[in-house]
Amino acid sequence: MDLDAITAARRAEWERLDELGRLRRPRGAEVDELVSRYRSASADLAEIKTSAGRSTEGDHLSTLLARARLRLTGTPDNVLQQVPRFFVRQLPAALYRLRWTTLAVAVFFLVVATLAGSWIARDPQVLAALGNAAQLQQYAESSFTDYYSENPAAVFAGTVWTNNAWIAAQCVLFGITGFWPVMVVIQNAVGVGTAAAVLFAHGRGDVFFLYIAPHGQLELTCIFVAAAAGLHIFWAWVAPGPRPRGEAVAEAGRSLVTVAIGLVFALALAGLVEGFVTAQPWPWPVKIGIGTLALAALLVTMLVVGRRAVRQGETGDLTEYEAGTTRLVSG
(Lines give C-alpha, C1' and ligand atoms only; values in the text may rest on other atoms or scores of the structure.)
Protein backbone atom coordinates (compact mmCIF):
# COMPACT_ATOMS: atom_id res chain seq x y z
CA MET A 1 0.00 0.00 0.00
CA ASP A 2 1.23 3.48 -0.90
CA LEU A 3 0.88 5.57 2.28
CA ASP A 4 1.04 8.85 0.37
CA ALA A 5 -1.64 7.67 -2.05
CA ILE A 6 -4.13 6.67 0.66
CA THR A 7 -3.47 9.89 2.56
CA ALA A 8 -4.17 11.94 -0.55
CA ALA A 9 -7.26 9.91 -1.37
CA ARG A 10 -8.75 10.08 2.15
CA ARG A 11 -7.60 13.55 3.21
CA ALA A 12 -10.95 15.22 2.52
CA GLU A 13 -12.82 12.49 4.43
CA TRP A 14 -10.49 12.78 7.43
CA GLU A 15 -10.84 16.55 7.45
CA ARG A 16 -14.61 16.15 7.49
CA LEU A 17 -14.26 13.69 10.41
CA ASP A 18 -12.16 16.27 12.23
CA GLU A 19 -14.79 18.94 11.55
CA LEU A 20 -17.63 16.76 12.84
CA GLY A 21 -15.63 15.75 15.91
CA ARG A 22 -15.23 19.41 16.89
CA LEU A 23 -18.94 20.26 16.67
CA ARG A 24 -20.28 21.40 20.04
CA ARG A 25 -23.89 20.32 19.46
CA PRO A 26 -24.13 18.03 16.42
CA ARG A 27 -27.59 17.50 14.94
CA GLY A 28 -29.05 14.11 14.17
CA ALA A 29 -27.83 13.93 10.57
CA GLU A 30 -24.38 15.09 11.62
CA VAL A 31 -24.19 12.38 14.28
CA ASP A 32 -25.09 9.75 11.69
CA GLU A 33 -22.39 11.09 9.38
CA LEU A 34 -19.89 11.13 12.25
CA VAL A 35 -20.58 7.47 13.00
CA SER A 36 -20.19 6.54 9.32
CA ARG A 37 -16.95 8.45 8.90
CA TYR A 38 -15.63 7.10 12.21
CA ARG A 39 -16.08 3.52 10.96
CA SER A 40 -14.46 4.33 7.61
CA ALA A 41 -11.49 6.07 9.23
CA SER A 42 -11.04 3.17 11.67
CA ALA A 43 -10.71 0.84 8.71
CA ASP A 44 -8.19 3.22 7.12
CA LEU A 45 -6.15 3.30 10.35
CA ALA A 46 -6.14 -0.49 10.56
CA GLU A 47 -4.93 -0.70 6.98
CA ILE A 48 -2.19 1.90 7.58
CA LYS A 49 -0.91 0.13 10.70
CA THR A 50 -0.96 -3.25 8.99
CA SER A 51 0.93 -2.07 5.92
CA ALA A 52 3.17 0.74 7.19
CA GLY A 53 3.31 0.28 10.96
CA ARG A 54 3.73 3.41 13.09
CA SER A 55 3.60 6.58 10.98
CA THR A 56 2.89 10.28 11.25
CA GLU A 57 -0.27 9.87 9.17
CA GLY A 58 -1.46 7.04 11.41
CA ASP A 59 -0.84 9.07 14.59
CA HIS A 60 -2.76 12.00 13.14
CA LEU A 61 -5.68 9.76 12.19
CA SER A 62 -5.64 8.18 15.69
CA THR A 63 -6.03 11.66 17.18
CA LEU A 64 -9.00 12.40 14.94
CA LEU A 65 -10.62 9.08 15.86
CA ALA A 66 -10.06 9.68 19.58
CA ARG A 67 -11.79 13.06 19.36
CA ALA A 68 -14.68 11.57 17.41
CA ARG A 69 -15.00 8.70 19.92
CA LEU A 70 -15.25 11.16 22.81
CA ARG A 71 -17.91 13.10 20.94
CA LEU A 72 -19.91 9.92 20.36
CA THR A 73 -19.58 8.46 23.85
CA GLY A 74 -19.87 11.75 25.72
CA THR A 75 -17.64 13.78 27.97
CA PRO A 76 -18.23 15.12 31.46
CA ASP A 77 -19.45 18.68 31.75
CA ASN A 78 -17.13 21.37 32.95
CA VAL A 79 -17.59 22.15 36.66
CA LEU A 80 -18.76 25.65 35.79
CA GLN A 81 -21.51 24.05 33.70
CA GLN A 82 -22.46 21.49 36.36
CA VAL A 83 -23.13 24.05 39.10
CA PRO A 84 -25.87 25.99 37.23
CA ARG A 85 -27.44 22.71 36.10
CA PHE A 86 -27.56 21.48 39.70
CA PHE A 87 -29.38 24.55 41.02
CA VAL A 88 -31.56 25.32 37.98
CA ARG A 89 -32.52 21.82 36.82
CA GLN A 90 -31.33 18.87 38.88
CA LEU A 91 -32.20 20.05 42.41
CA PRO A 92 -35.53 21.71 41.50
CA ALA A 93 -36.65 18.59 39.62
CA ALA A 94 -35.79 16.34 42.57
CA LEU A 95 -37.68 18.68 44.92
CA TYR A 96 -40.68 18.81 42.59
CA ARG A 97 -40.99 15.03 42.69
CA LEU A 98 -41.37 15.26 46.47
CA ARG A 99 -44.05 17.95 46.60
CA TRP A 100 -47.03 15.80 47.58
CA THR A 101 -45.08 13.60 49.98
CA THR A 102 -43.67 16.74 51.60
CA LEU A 103 -47.22 18.06 52.09
CA ALA A 104 -48.28 14.73 53.63
CA VAL A 105 -45.31 14.78 56.01
CA ALA A 106 -46.12 18.40 56.99
CA VAL A 107 -49.73 17.48 57.80
CA PHE A 108 -48.55 14.46 59.81
CA PHE A 109 -46.14 16.68 61.73
CA LEU A 110 -48.83 19.24 62.56
CA VAL A 111 -51.23 16.53 63.71
CA VAL A 112 -48.64 14.90 66.00
CA ALA A 113 -47.44 18.26 67.38
CA THR A 114 -51.02 19.42 68.05
CA LEU A 115 -52.02 16.16 69.75
CA ALA A 116 -48.87 16.09 71.88
CA GLY A 117 -49.17 19.76 72.86
CA SER A 118 -52.87 19.49 73.68
CA TRP A 119 -52.38 16.35 75.77
CA ILE A 120 -49.52 17.83 77.80
CA ALA A 121 -51.17 21.23 78.31
CA ARG A 122 -54.47 19.72 79.49
CA ASP A 123 -53.07 17.09 81.85
CA PRO A 124 -51.41 18.62 84.94
CA GLN A 125 -49.74 15.33 85.83
CA VAL A 126 -48.03 15.06 82.44
CA LEU A 127 -46.99 18.69 82.64
CA ALA A 128 -45.59 18.17 86.12
CA ALA A 129 -43.54 15.23 84.84
CA LEU A 130 -41.54 17.70 82.72
CA GLY A 131 -40.24 19.54 85.79
CA ASN A 132 -41.33 21.33 88.93
CA ALA A 133 -43.40 24.51 88.83
CA ALA A 134 -40.39 26.81 89.18
CA GLN A 135 -38.47 25.10 86.38
CA LEU A 136 -41.42 25.22 84.00
CA GLN A 137 -42.10 28.87 84.80
CA GLN A 138 -38.46 29.77 84.21
CA TYR A 139 -38.52 27.94 80.88
CA ALA A 140 -41.69 29.73 79.80
CA GLU A 141 -40.60 33.19 80.92
CA SER A 142 -36.91 33.25 80.02
CA SER A 143 -35.17 30.02 78.98
CA PHE A 144 -37.22 29.57 75.80
CA THR A 145 -36.42 33.06 74.49
CA ASP A 146 -32.89 33.23 75.92
CA TYR A 147 -31.95 30.17 73.86
CA TYR A 148 -31.87 32.37 70.75
CA SER A 149 -29.51 34.98 72.18
CA GLU A 150 -27.31 33.27 74.79
CA ASN A 151 -24.55 32.63 72.21
CA PRO A 152 -23.00 34.90 69.55
CA ALA A 153 -25.23 35.01 66.48
CA ALA A 154 -22.63 33.52 64.13
CA VAL A 155 -21.82 30.65 66.50
CA PHE A 156 -25.49 29.94 67.13
CA ALA A 157 -26.35 30.01 63.42
CA GLY A 158 -23.48 27.63 62.62
CA THR A 159 -24.48 25.22 65.39
CA VAL A 160 -28.11 25.17 64.31
CA TRP A 161 -27.12 24.72 60.68
CA THR A 162 -24.83 21.74 61.25
CA ASN A 163 -27.32 20.06 63.58
CA ASN A 164 -30.26 20.43 61.21
CA ALA A 165 -28.18 19.48 58.15
CA TRP A 166 -27.15 16.28 59.91
CA ILE A 167 -30.79 15.51 60.76
CA ALA A 168 -31.81 16.07 57.13
CA ALA A 169 -28.95 13.92 55.85
CA GLN A 170 -29.97 11.10 58.18
CA CYS A 171 -33.52 11.18 56.84
CA VAL A 172 -32.23 10.65 53.31
CA LEU A 173 -29.33 8.29 53.98
CA PHE A 174 -31.31 6.05 56.35
CA GLY A 175 -34.57 6.49 54.49
CA ILE A 176 -34.42 2.96 53.10
CA THR A 177 -35.28 1.68 56.60
CA GLY A 178 -38.70 3.28 56.33
CA PHE A 179 -38.96 4.04 60.05
CA TRP A 180 -36.06 6.50 60.41
CA PRO A 181 -37.67 9.48 58.62
CA VAL A 182 -40.93 8.83 60.48
CA MET A 183 -39.08 8.68 63.80
CA VAL A 184 -37.29 11.97 63.09
CA VAL A 185 -40.58 13.70 62.22
CA ILE A 186 -42.30 12.37 65.34
CA GLN A 187 -39.40 13.39 67.60
CA ASN A 188 -39.42 16.93 66.22
CA ALA A 189 -43.22 17.15 66.38
CA VAL A 190 -43.30 16.02 70.01
CA GLY A 191 -40.50 18.45 70.87
CA VAL A 192 -42.33 21.38 69.29
CA GLY A 193 -45.62 20.30 70.85
CA THR A 194 -44.02 20.01 74.30
CA ALA A 195 -42.48 23.50 74.10
CA ALA A 196 -45.81 24.92 72.96
CA ALA A 197 -47.65 23.18 75.81
CA VAL A 198 -45.38 24.65 78.48
CA LEU A 199 -45.64 28.18 77.10
CA PHE A 200 -49.41 27.98 76.59
CA ALA A 201 -49.84 26.64 80.13
CA HIS A 202 -48.15 29.82 81.40
CA GLY A 203 -50.08 32.17 79.15
CA ARG A 204 -47.22 32.78 76.69
CA GLY A 205 -48.50 31.01 73.62
CA ASP A 206 -48.02 34.16 71.56
CA VAL A 207 -44.31 34.18 72.46
CA PHE A 208 -44.00 30.59 71.22
CA PHE A 209 -45.37 31.41 67.78
CA LEU A 210 -43.50 34.70 67.48
CA TYR A 211 -40.14 33.05 68.18
CA ILE A 212 -40.78 29.95 66.06
CA ALA A 213 -42.24 31.69 63.01
CA PRO A 214 -39.19 33.58 61.62
CA HIS A 215 -36.88 30.59 61.18
CA GLY A 216 -39.27 27.70 61.72
CA GLN A 217 -41.08 28.12 58.42
CA LEU A 218 -38.03 27.22 56.34
CA GLU A 219 -36.31 25.00 58.92
CA LEU A 220 -39.29 22.69 59.46
CA THR A 221 -40.09 22.58 55.75
CA CYS A 222 -36.54 21.39 55.09
CA ILE A 223 -37.05 18.56 57.58
CA PHE A 224 -40.33 17.65 55.86
CA VAL A 225 -38.57 17.55 52.47
CA ALA A 226 -35.75 15.39 53.86
CA ALA A 227 -38.23 12.94 55.40
CA ALA A 228 -40.16 12.79 52.10
CA ALA A 229 -36.92 12.01 50.23
CA GLY A 230 -36.10 9.20 52.64
CA LEU A 231 -39.58 7.72 52.26
CA HIS A 232 -39.27 7.80 48.47
CA ILE A 233 -36.07 5.75 48.69
CA PHE A 234 -37.87 3.30 50.99
CA TRP A 235 -40.76 3.02 48.55
CA ALA A 236 -38.38 2.39 45.65
CA TRP A 237 -37.13 -0.62 47.62
CA VAL A 238 -40.64 -1.84 48.53
CA ALA A 239 -42.22 -1.31 45.11
CA PRO A 240 -39.51 -1.09 42.42
CA GLY A 241 -41.94 -1.78 39.58
CA PRO A 242 -40.53 -3.56 36.51
CA ARG A 243 -36.96 -2.56 37.36
CA PRO A 244 -34.63 -4.72 39.46
CA ARG A 245 -34.88 -3.60 43.09
CA GLY A 246 -31.20 -2.62 43.24
CA GLU A 247 -31.50 -0.36 40.20
CA ALA A 248 -34.68 1.27 41.52
CA VAL A 249 -33.07 2.04 44.87
CA ALA A 250 -29.87 3.28 43.22
CA GLU A 251 -31.77 5.65 40.93
CA ALA A 252 -33.91 6.98 43.78
CA GLY A 253 -30.88 7.30 46.03
CA ARG A 254 -28.83 9.23 43.46
CA SER A 255 -31.57 11.71 42.70
CA LEU A 256 -32.64 12.20 46.32
CA VAL A 257 -29.15 12.60 47.72
CA THR A 258 -29.29 15.64 45.46
CA VAL A 259 -32.04 16.86 47.80
CA ALA A 260 -29.83 16.32 50.86
CA ILE A 261 -27.10 18.44 49.28
CA GLY A 262 -29.57 21.16 48.36
CA LEU A 263 -31.04 21.19 51.86
CA VAL A 264 -27.61 21.97 53.26
CA PHE A 265 -27.87 25.36 51.54
CA ALA A 266 -31.51 25.87 52.51
CA LEU A 267 -30.77 25.04 56.14
CA ALA A 268 -27.82 27.42 56.07
CA LEU A 269 -30.31 30.15 55.18
CA ALA A 270 -32.63 28.99 57.97
CA GLY A 271 -29.68 29.06 60.38
CA LEU A 272 -28.86 32.63 59.38
CA VAL A 273 -32.46 33.67 60.03
CA GLU A 274 -32.48 31.90 63.40
CA GLY A 275 -29.13 33.32 64.43
CA PHE A 276 -29.38 36.86 63.12
CA VAL A 277 -33.13 37.61 62.92
CA THR A 278 -35.21 35.70 65.50
CA ALA A 279 -33.69 37.31 68.59
CA GLN A 280 -33.44 40.82 67.16
CA PRO A 281 -35.57 43.60 68.76
CA TRP A 282 -37.24 44.30 65.43
CA PRO A 283 -40.97 44.50 64.76
CA TRP A 284 -42.41 41.00 64.56
CA PRO A 285 -43.97 41.52 61.12
CA VAL A 286 -40.49 42.28 59.78
CA LYS A 287 -38.92 39.18 61.32
CA ILE A 288 -41.75 36.89 60.27
CA GLY A 289 -41.71 38.47 56.82
CA ILE A 290 -38.03 37.65 56.43
CA GLY A 291 -38.76 34.04 57.39
CA THR A 292 -41.63 33.91 54.92
CA LEU A 293 -39.39 35.18 52.11
CA ALA A 294 -36.84 32.48 52.94
CA LEU A 295 -39.55 29.82 52.75
CA ALA A 296 -40.86 31.33 49.51
CA ALA A 297 -37.42 30.92 47.92
CA LEU A 298 -37.52 27.19 48.61
CA LEU A 299 -41.13 26.79 47.46
CA VAL A 300 -40.52 28.69 44.21
CA THR A 301 -37.50 26.48 43.54
CA MET A 302 -39.57 23.37 44.22
CA LEU A 303 -42.88 24.20 42.56
CA VAL A 304 -42.08 26.71 39.79
CA VAL A 305 -38.50 26.01 38.72
CA GLY A 306 -38.91 22.30 39.48
CA ARG A 307 -42.06 21.98 37.39
CA ARG A 308 -40.33 23.59 34.42
CA ALA A 309 -37.27 21.33 34.83
CA VAL A 310 -39.43 18.19 34.97
CA ARG A 311 -41.29 19.25 31.85
CA GLN A 312 -37.92 19.54 30.12
CA GLY A 313 -37.18 15.90 30.98
CA GLU A 314 -35.07 16.41 34.10
CA THR A 315 -35.46 13.80 36.86
CA GLY A 316 -32.95 14.96 39.45
CA ASP A 317 -30.75 11.93 38.71
CA LEU A 318 -27.23 12.07 37.30
CA THR A 319 -26.82 12.40 33.55
CA GLU A 320 -26.54 9.23 31.48
CA TYR A 321 -22.81 9.88 31.04
CA GLU A 322 -22.31 10.08 34.82
CA ALA A 323 -24.64 7.24 35.87
CA GLY A 324 -24.34 4.90 32.90
CA THR A 325 -26.86 3.98 30.24
CA THR A 326 -30.30 3.17 31.61
CA ARG A 327 -31.41 -0.41 31.17
CA LEU A 328 -34.67 -0.56 29.22
CA VAL A 329 -37.45 -2.62 30.82
CA SER A 330 -40.98 -3.43 29.75
CA GLY A 331 -44.03 -2.02 31.45
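This is a predicted model: local features need pLDDT of at least 70, side-chain atom pairs count only at pLDDT 80 or more; totals for chains, interfaces and linings use all residues.
Biologist: In which helix is the place of D44, and is D44 buried or exposed?

Modeller: D44 belongs to helix 2, which spans residues 28–52. Its relative accessible area is 4%. Buried means under 20%, so D44 is buried.

Biologist: Which side chain does a polar contact join to that of D44?

Modeller: Beyond its neighbours within four places in sequence, D44 is in contact with I6, R10, W14 and L61. For one of these residues, the side chains are joined by a polar contact of 3.2 Å. The partner of D44 in that polar contact is W14.

Biologist: At what angle do helix 1 and helix 2 pack?

Modeller: Helix 1 covers residues 3–21, and its axis is 9 Å from that of helix 2. Residues of helix 1 that take part include I6, R10 and W14, while those of helix 2 include A41, D44 and I48. The crossing of the two helices is left-handed. Their packing angle is about 150°.

Biologist: Are the rings of F109 and F224 stacked, tilted or edge-to-face?

Modeller: The structure holds 17 aromatic pairs. In the pair formed by F109 and F224, the ring centres are 5.0 Å apart and the planes stand at 55°. Planes under 30 degrees apart would count as stacked and those over 60 as edge-to-face, so this pair is tilted.

Biologist: How many residues apart in sequence are the parts that the pair of F109 and F224 ties together?

Modeller: Both F109 and F224 are buried. F109 lies in helix 5 (residues 99–122), whereas F224 lies in helix 10 (residues 205–238). The pair therefore ties together parts whose separation in sequence is 115 residues.

Biologist: What distance separates the C-alpha atoms of C171 and V182?

Modeller: C171 lies in helix 8, residues 153–173, and counts as buried at 0% relative accessibility. Not counting residues up to four places away in sequence, C171 touches W180, P181, V184, A226, A227 and G230. V182 is 11 residues from C171 along the chain, and the separation of their C-alpha atoms is 8.6 Å.

Key:
Residues are numbered from 1 along each chain as its sequence is written. Side-chain values use heavy atoms; hydrogens and water are left out. Helices (H or I, at least four residues) and strands (E, at least two) are DSSP runs, numbered from the N terminus. Buried means under 20% relative accessible area, exposed over 50%, partly exposed in between (1.4 Å probe, protein chains only). A polar contact is a pair of N or O atoms within 3.5 Å; within protein, one must be able to donate a hydrogen and the other to accept it, and residues adjacent in sequence count only if both atoms are side-chain atoms. Contact means heavy atoms within 4.5 Å. Rings of Phe, Tyr and Trp (its six-membered ring) pair if their centres lie within 6.5 Å; planes under 30 degrees apart count as stacked, over 60 as edge-to-face and the rest as tilted. Axes are lines fitted to C-alpha atoms, for helices over the stretch in contact, and angles run from 0 to 180 degrees between N-to-C directions. A crossing is left-handed if the near helix is turned anticlockwise from the far one by less than a right angle, and right-handed if clockwise.
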